[in-house]
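These are my notebook entries on a single structure.

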Amino acid sequence: MDANYFLAQSRSPLSTLARRRHPCKPVCSPVLAVLTRPSENVTKEARKTNFYNDNWFDQIAINHLSQSVQAATGLRNSKSGYESLVEAARMASQNFNPIQQREVVIHALERAFPRPILSLIKTLLPQSKLAREYFAAFTTVFFAWLVGYCEVRESELNGRRERNVVHIKKCRFLEETNCVGMCINLCKMPSQAFIKDSLGMPVNMVPNFDDMSCEMIFGQDSPASTDDPALKQPCYKQCKAKQKHSMKCST
């Protein structure tokens, strides 16, 4: 599966049908957190982009993921840092339909993370309280460069308390793109699928489009696409992507 395949598909009659139908396989379990509708009166503070002082590790990780996305799409850009990653994502959103966007990101993640390492983690950390809490702690330490400041929180799973939730105070990717469609198709949906398929860990990502926060609930299956509140949200009026999504932008 290469970039030419995705570009060819995006121009084919089948691609047009995919844009209309958006077939997604249902997953189990209803959503347990409340996802709010994007407010038209979000405060200026909520819209303000945070300042990030990326260290050498952050810069290497950002560049590696950006190059992986660009290689998967076949669409290059000359920007640097997080701006390059956002531009790579924006170009994907403008050249591929929502289903293809998710496939492109999964392909990029497979490029970014060596399969032998993923298989080893999947073998060493089967579903358990320890594994769920490990995934949550690992995410806050090693992926803050991608999503912004985050912390581990507790939730109730199978009748007991676990520290299996990552609370992202204000998602860096969402505030940089300011686009609900890009959040859904280039982050939430492919990340859920990749983590479950490659690492054997179900995760439900619950974005709050009102304050741009998000929760990653490890051990909880994401809801079926027909029941997921995130897939029913309109985009922001000031969406930067300026292209159609599975849900129409409010612009």
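I began with Arg132, which counts as buried at 7% relative accessibility. I take buried as under 20% relative accessible area, exposed as over 50% and partly exposed as in between, with a 1.4 Å probe and protein chains only. The model is predicted, so I note that local features need pLDDT of at least 70 and side-chain atom pairs count only at pLDDT 80 or more, whereas totals for chains, interfaces and linings use all residues. Residues are numbered from 1 along each chain as its sequence is written, and side-chain values use heavy atoms, with hydrogens and water left out.

I found that the side chain of Arg132 meets that of Glu162 in a salt bridge of 2.8 Å, N to O. Arg132 belongs to helix H8 and Glu162 to strand S2 (residues 160-168), so the pair ties together parts that are 30 residues apart in sequence. Glu162 is buried, at 0% relative accessibility. For a salt bridge I require a side-chain nitrogen of Lys or Arg within 4 Å of a carboxyl oxygen of Asp or Glu. Helices (H or I, at least four residues) and strands (E, at least two) are DSSP runs numbered from the N terminus.

Entry 3, other salt bridges. By this rule I record a count of 12 salt bridges. Arg90 and Glu87 form one of them, at 3.6 Å from N to O. Both residues lie in helix H5, three residues apart, about one turn of the helix. Arg90 is buried, its relative accessible area being 15%. I next looked up Lys196 and Asp221, whose side chains meet in a salt bridge at 2.9 Å, N to O. Lys196 sits in helix H11 and Asp221 in the segment after S4, so this pair ties together parts that are 25 residues apart in sequence. Lys196 counts as partly exposed at 32% relative accessibility, while Asp221 is buried at 19%. I also note one network, in which salt bridges that share partners join Arg132, Arg160 and Glu162.

Ser225 is buried, with 16% relative accessible area. I read a C-alpha separation of 9.4 Å between Ser225 and Met189, which are 36 residues apart along the chain.

Axes are lines fitted to C-alpha atoms, for helices over the stretch in contact, and angles run from 0 to 180 degrees between N-to-C directions. The axes of H6 (residues 98-112) and H11 (residues 180-199) come within 8 Å and cross at roughly 55°. H6 and H11 are therefore oblique to each other. Angles under 35 degrees count as roughly parallel, over 145 as roughly antiparallel, 65 to 115 as roughly perpendicular and the rest as oblique. For H4 and H5 (residues 81-95), I find axes that come within 9 Å and cross at roughly 20°. That makes H4 roughly parallel to H5.

Which residues form a nonpolar patch on the surface? I list Trp56, Phe57, Ile60, Tyr134, Phe138, Val141 and Phe142, with about 740 Å² of accessible area together. Helix H4 (56-73) and helix H8 (129-142) each supply at least two of the patch residues, and the largest share, four residues, comes from H8. Tyr134 lies in H8 and is partly exposed, at 41% relative accessible area. Patches are made of residues with over 30% relative accessible area and no salt bridge, like charges being joined within 9 Å and nonpolar side chains (Val, Leu, Ile, Met, Phe, Trp, Tyr) within 5 Å. Accessible areas come from the Shrake-Rupley method with a 1.4 Å probe, and for residues only the protein chains shown count as cover.
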